[in-house]
Amino acid sequence: MSGSAPGSTAKIVVTGRIPDSGLEILRAAGDVWAWTDDEPIPTDVRDAQLADADVAVTLLTDTVDDAFLAAAPELRMVANVAVGYNNVDVAACTARGVTVTNTPGVLTDATADLAMGLLLMVTRRLGEGERLIRSATPWKWGMFMMLGTGVQGRRLGIIGMGAIGEAMATRAAAFGMEIVYHNRSAVDAATEERLGASLVTLEELLSTSDVVSLNCPYSESTHHLIDAAALASMRSDAFLINTARGPIVDEAALVDALRNDTIAGAGLDVFENEPTVHPGLIELDNAVIVPHLGSATVETRGAMADLAANNVAAVLAGDAPLTAVN
Ligand code: DGY
């Protein structure tokens, strides 16, 4: 942990470890106090530092709610180092005149790569295959051994056609998949044509897709969007991929659906109660589960920290934030 007392320049509190390049940008913009342990910052330590903070740089594991804001009466800005900002009560920030920023764009490719990786892992049973060898189970090549599902010519249904959804569609189209999507509005005609993608209702997407990929933000309206009824409306040979946010899926209902062969499998990067994972998922061979690694590359995490820091630098210099949420 390191810190410096606020002087005449703005005090910037960084609530968790971020890459050094981001810290350097922040240090050029103000007085930085940064929590540098891997363990989460204790609330009393955080609140003591927030008491005279002008800016908070937060991670997706921070909850920026009324209690957080009450501890920070001078706060002018929350720079969340994530594209998702469901951890931030944006309305409460806006009501207090606090600017909120996020980090869109820089993690699009990394997250879409991970989503495509999960799609391939679960359809081709790669986790199962790895577990087989690691458990020293005797095996030999067999014509019918561990057959998976080919993706070419299969339909991918993307829920949420923002930047990450579109990047996922680009990858899947290159693998020969047909793309349908559900979104508040249609993407532009040139993008639809490039991807061979068409806008469909949620019902049509769920009932006709071989793979359903969740790429929408988490909000009240997407809470448990994929519940028992939605899972029941999917094909029994379909797969679900979630790299968005865990609570979009009713995890208990998903465990039932995977157990009862209501759907064929799931590839999950995010969980309803992170870091807890439903024990049913851990037991199931048709679930591929990884620990929220969507943006976890050295390059991407550096770019996320830099973008968050550049947002702070812009606001402290009196300029408009680069990627404002409110
Ligand atoms: C985000 O930025 O919202 C991602 O979930 C981080 O991996």
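Q: Contact means heavy atoms within 4.5 Å; leaving aside neighbours within four places in sequence, which residues are in contact with Leu 231?
A: In this predicted model, Leu 231 meets that cut-off with Ile 226, Leu 240, Ala 253, Leu 254, Ala 257, Thr 262 and Ile 263.

Q: Which residues touch the most other members of the largest nonpolar core?
A: They are Ile 159, Leu 206, Ile 226, Leu 231, Leu 240, Leu 254 and Leu 281, in a core of 31 residues. At least two residues each come from α9 (202-208), β9 (211-214), α10 (228-233), α11 (251-259) and β11 (265-268). Helix α11 gives the most, 5 residues. Apart from this core lies another, of 24 residues, including Ala 115, Met 116, Ala 169 and Val 288.

Q: What makes the pair Arg 171 and Asp 109 a polar contact?
A: The limit for a pair of N or O atoms is 3.5 Å. The side chains of Arg 171 and Asp 109 are joined at 3.0 Å, so the pair falls inside that limit. Not counting residues up to four places away in sequence, Arg 171 touches Asp 109, Ala 112, Asp 113 and Met 116.

Q: How is the protein divided into domains, and where are their bounds?
A: Domain 1 covers 11-104 + 298-316, and domain 2 covers 108-289. Their C-alpha centres lie 32 Å apart. The contact between them takes 5 residues from domain 1 and 4 residues from domain 2.

Q: What is the area buried between domain 1 and domain 2?
A: It is about 370 Å², with 54% given by carbon and sulfur atoms. Of the area that domain 1 buries against domain 2, Leu 60, Asn 86 and Thr 300 supply 75%, more than any other three residues.

Q: How many salt bridges does the rule find across the interface of domain 1 and domain 2?
A: A salt bridge needs a side-chain nitrogen of Lys or Arg within 4 Å of a carboxyl oxygen of Asp or Glu. By that rule the interface has 0 salt bridges. The count of residue pairs in polar contact between the domains, both residues at pLDDT 80 or more, is 1.

Key
Residues numbered from 1 in each chain as written. Predicted model: local features only at pLDDT ≥ 70, side-chain atom pairs only at ≥ 80, totals over all residues. Heavy atoms only, no water. Core = buried A, V, L, I, M, F, W, Y, C linked by side-chain atoms within 4.5 Å. Buried < 20%, exposed > 50% of the residue type's maximum accessible area, 1.4 Å probe, protein only. Helix = DSSP H or I, 4+ residues; strand = E, 2+ residues; numbered from the N terminus. Contact = heavy atoms within 4.5 Å. Domains from an automatic or database assignment. Buried area = accessible area lost by both parts, 1.4 Å probe. Polar contact = N/O pair within 3.5 Å; in protein donor to acceptor, adjacent residues only side chain to side chain.
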